[in-house]
Amino acid sequence: MLILVTGGAASGKSAHAERLLCENAAGARLYLATMQPFGAPAQRRIVRHRAMRQDKGFQTIERPLDLAGFAPAQRYDGILLEDMGNLLANELFSPAGSKDAAFDSILVGIARLQDCCQTLVIVTNEVFSDGLDYPAETVRYIRLLGQLNTALAARAEAVYQSVCGILLPIGEGERR
């Protein structure tokens, strides 16, 4: 099962994603962290997220790049990928990133993760509606993140948006 959780910064999406994974994956859980710890704010966010996961049975692996090349040593009941926005930025802008192949590389990595678990929860970001003008490379990033979110939502059994700490289902039919 694939579950996509989206929302703005500090909307509660990480806590919702963890809860959804814990509800759907009783056994072995993996947290794939994509944030590169640049600077004090990133370090504080990482510490906060680790504290949130404490006592929830997660194994944590830092994977800021090359999701397509990731091969877990075991099968998991659930994997939480946190988050798509960081992963895409790393792939596009890091010297070791996949650059123009980022979109396809990330989707290949997602498919491989799905083969390694029963439930995959992906956290992504809403960065599309502030109405500001950005440099061309930022516009490209925003466009690619939107395309990734659309592709993942099409594959997902459930899609949610976190707004001010409230989890809202998106879509119809099988989605909850």
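Which residues are exposed on the other side of helix 2?

1. They are P41, R44 and V47, where exposed means over 50% relative accessible area, buried under 20% and partly exposed in between (1.4 Å probe, protein chains only). The model is predicted, so that local features need pLDDT of at least 70 and side-chain atom pairs count only at pLDDT 80 or more, while totals for chains, interfaces and linings use all residues. Residues are numbered from 1 along each chain as its sequence is written, and side-chain values use heavy atoms, with hydrogens and water left out.

2. The buried residues of helix 2 are A42, I46, H49 and R53. They cover an arc of only 65° around the axis (taken from the directions from the helix axis to the C-beta atoms), which puts them on the same side of helix 2. Helix 1 (13-24), strand 2, strand 3 (58-62) and strand 4 are among the elements that cover these buried residues; helices (H or I, at least four residues) and strands (E, at least two) are DSSP runs, numbered from the N terminus.

3. Just after helix 2, D55 takes a positive phi of about 65°.

4. Leaving aside its neighbours within four places in sequence, M84 is in contact (heavy atoms within 4.5 Å) with residues including I106, I110, L145 and L152.
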